[in-house]
Amino acid sequence: MASTTAALGLMISGLALSSGPAQSAAAPDGCASPVDVATLAEGDTLTALSVVRGTEPQEFTGTVIGTIDDGIAVGLDMLVVDFEDPDPESPMSKAGGIWQGMSGSPVYVGDPADNNLVGAIAYGLSWGPSPIAGITPYTEMDDYLASESPKKVGVDGSTAREIGARTSATRSQAAEGFSQLRLPLGVTGISARRLSDIQELAAEREAKYLTGTDFAAVRGGRDSAGRAGAADLVPGGNLGASFSYGDISYAGVGTVTSVCAGEVVGFGHPMGFLGNTTLGMHPADALFVQPESLGAPFKVANISPAVGTVTDDRLAGITGMIGTLPDAMTVTSDVTYRAKQRTGSTDVYVSDYAADVSFSQHVANHDRVLDGIFGGTSAFGMSVTGTDEAGAPFTIAFDDTYVSQRDITIEPAWEIGDLVYVLSQMDEVDLDSVELDSAVTDDTDLLRVKGLEQWRKGKWTKVSNRRQGIVAKPGSMLKVRAILKAEDDTLSYVPFSTRIGDRARSGFLGVQGGASAWTNIWRAKTVAAVSKAIEEAPRNDEVLFELRLRRNGGRVEKSVGPQTSVVQGGKGYFVQINEKGGRGPVCRGC
């Protein structure tokens, strides 16, 4: 999984060089002994472990430059180490410096086998590729700090001169400061172009999902369990953490810092800074480290299935246990087009990403089966299961028809995202599954609402608002029919009739295609309210009539269909109520 650099922004300064012998605290057998960074001196030699390719860690040698007091947070110093390698064929030299994916790489005093653990590589110089690393002390990595994450570690003038004098970095480069070797959310299973287009559409639509997270489509993705497993979660080995895993994997890959009695610590900085959480914990197989001339180099890796749960996502790193997997909501998508069919699925571990993953799973599976972006018709079905606020099981299901002349994949996707988002944000509501079914054809024909006729004096008469609109008597039967126009200009008619109340007064009649109607689930506070709104919503291939008259006993609504295709558009008409039922003054403002 490739990551990209992001500078974060808390400005601090002061490079404090300390002296004294390195010392280790006692630790259980097989577990690391934390080394106090205050005991390290300028020029001390340290050894790091990290994976370049595959799953086997290799050693990198570095030299202590000093510490930046409070460099990561108040009371949390950053150790600065130079890992420059004079061998031009070494991985560090080829990459150009510290790479993204090294986050969490353990740094030791002496032989790594002795387990005298200083900390984890977690920061690099902001200006671009450099062998100078910022180290998060291991003494802090499993303390679950709750302070605010640093946005940038500044370097003052004297510190920049000192770094420039001792390393290959120039003074101006060092003056840019350190930024976190961050793992922005990577998404597999969907192309970068497709993802960018979806983000733009979501922003235009002001969607509450898909737009608020720093994520990008990247190289790498899922892997079989055969190439990397739980046994590969070792200090210096690859470590993946995920919000979801499957066709759509929202995840990042860093490095294991330590393993002790099944507890894994890694990254040296947050994944999403979620605090107590349930992320998937994954081994991974590294393919290569990609050099980068402007930003930080990055590791490309395939992530194997989860083997445990990340329980804490904190300032100084992530922590979790090998063994029990996190609870998951499973999103399944079945798509059929001509002779092609595919069923794909994704497990979602963090509910805040339920809508993003459901939307993306739908799009990704369509892209795989349709193998192109084009118009068509989708016979679509959706079912969501879970437990409601009272802990009772529920199922919300619907089916509908969608037509698009540009991109049939996107048409149902907003219905998916909206419904899952609203449910996932309700307190005490847990989602178990989202099932999506889509049968796509090439038909792009639509019906459009073009007008209205009223039955008057034994014949159908076209209604126009430029004169009196619809006219009717109190207590009479109102008969109208909507005029629908097909792509080939043929017309069809949809009737609607209702009795006018004896005390009714003038009002308004709206005629709308189901595809142009909006189902408001955003105000719903309960699962039952959402279910009711879905049940009462018109289908896209129906015509919705809505009559609003004063003193008529309330609004009259009726959906008529299904029609031969999806119906779009709408019209509105004044309704004149008078005793004669004939021409009267036009109702203004009624």
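Analyst: Let's start where helix α4 (residues 192-205) packs against α6: the angle is about 65°, and the axes lie 13 Å apart. Axes here are lines fitted to C-alpha atoms, for helices over the stretch in contact, and angles run from 0 to 180 degrees between N-to-C directions. On the α4 side, Arg-194, Ile-198, Leu-201, Ala-202 and Arg-205 make the contact, and on the α6 side Ile-410, Trp-414 and Asp-418 do; contact means heavy atoms within 4.5 Å. Sorted by class, that is five nonpolar, no polar and three charged residues. (Ala, Val, Leu, Ile, Met, Phe, Trp, Tyr, Cys and Pro count as nonpolar, Asp, Glu, Lys and Arg as charged, and the others, Gly among them, as polar.)

A quick word on the ground rules: this is a predicted model, where local features need pLDDT of at least 70 and side-chain atom pairs count only at pLDDT 80 or more, while totals for chains, interfaces and linings use all residues. Residues are numbered from 1 along each chain as its sequence is written, and side-chain values use heavy atoms, with hydrogens and water left out. Helices (H or I, at least four residues) and strands (E, at least two) are DSSP runs, numbered from the N terminus.

Now for another partner of α6. Helix α5 (residues 354-370) packs with α6 at about 160°, with axes 8 Å apart. The two are therefore roughly antiparallel, a label for angles over 145 degrees, with under 35 being roughly parallel, 65 to 115 roughly perpendicular and the rest oblique. From α5, residues including Phe-359, His-362 and Val-363 meet a set in α6 that includes Trp-414, Val-420 and Tyr-421. This contact has eleven nonpolar, four polar and no charged residues.

β24 gives the most, with six. A pocket, on a 1 Å grid over the protein atoms alone, is an open set of points where a 1.4 Å probe fits, with protein on both sides within 12 Å along at least five of seven lines; lining residues have an atom within 4 Å of a point. This one is lined by 27 residues, with Tyr-402, Glu-415, Ala-517, Thr-519 and Asn-540 nearest its centre. The lining has 14 nonpolar, five polar and eight charged residues.

Last stop: Glu-428, in the loop between α6 and β25 (430-441). Its phi is near 70°, a positive value in a residue other than glycine.
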